[in-house]
Amino acid sequence: MKARGFELETFLPYRLNRAAEFVALRFAAQYKARYQLTRPEWRTLAALGSSGRSMTATEIGTHSTMHKTKVSRAVFGLEQRRWLKREADGRDRRFEHLALTPAGQHAYRELTELATAYQDELLSMLGEVDMKALSKGLSAVERAMRKSVPIP
């Protein structure tokens with residue numbers, strides 16, 4: 001039964017999620033084919049690489065809005081590839097500092113080249129005017145949400 005006056009296809013959270021999923025899946029197909037990375041592994045690698053510093057699993061989860069179990073599995077997968085190293089916190093053994101190894105940094109640089117090419121592909125698909133409008137609209141949503149919900 002349809003709620004009176006409610007149209008799912010115009011509900012902003014639904015539309016944002018669906019659009020993000022379409023865009024993310026298309027990029028995921030590229031890095032999965034080339035590097036056999038899962039989405040959580042890509043997001044973990046991207047969080048560490050873009051921060052330029054070590055992070056805890058909690059920080060990665062907050063940065064990438066991933067649940068701790070997904071972060072944990074991604075960390076394990078990246079560690080198996082020798083792209084990530086763990087270092088115990090000297091003051092609190094419950095925490096580990098995670099950082100990219102030189103091989104992980106190399107993979108991150110290659111993946112950012114792939115990401116840049118994908119961004120260029122999206123720009124050519126949308127056109128400059130629509131890309132700027134989308135960016136402006138997303139910035140407006142982020143600003144509005146920061147006022148009511150803490151966003152990392």
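Visitor: What counts as a salt bridge here, and how many are there?
Guide: A salt bridge is a side-chain nitrogen of Lys or Arg within 4 Å of a carboxyl oxygen of Asp or Glu. By that rule the count comes to 7. This is a predicted model, where local features need pLDDT of at least 70, side-chain atom pairs count only at pLDDT 80 or more, and totals for chains, interfaces and linings use all residues. Residues are numbered from 1 along each chain as its sequence is written, and side-chain values use heavy atoms, leaving out hydrogens and water.

Visitor: OK, which residue does Glu121 pair with?
Guide: Arg26, with the closest N and O atoms 2.7 Å apart. The pair links distant parts of the chain, 95 residues apart: Glu121 sits in helix H5 and Arg26 in helix H1. Helices (H or I, at least four residues) are DSSP runs, numbered from the N terminus.

Visitor: Switching topic: which residues make the nonpolar surface patch?
Guide: Leu12, Leu16, Met125, Leu126, Leu134 and Leu138, about 500 Å² in total. Patch residues have over 30% relative accessible area and no salt bridge, with nonpolar side chains joined within 5 Å and like charges within 9 Å. Leu12 lies in helix H1 and qualifies on area because its relative accessible area is 44%.

How values were computed. Accessible areas come from the Shrake-Rupley method with a 1.4 Å probe; for residues, only the protein chains shown count as cover. Helices (H or I, at least four residues) and strands (E, at least two) are DSSP runs, numbered from the N terminus. Buried means under 20% relative accessible area, exposed over 50%, partly exposed in between (1.4 Å probe, protein chains only).
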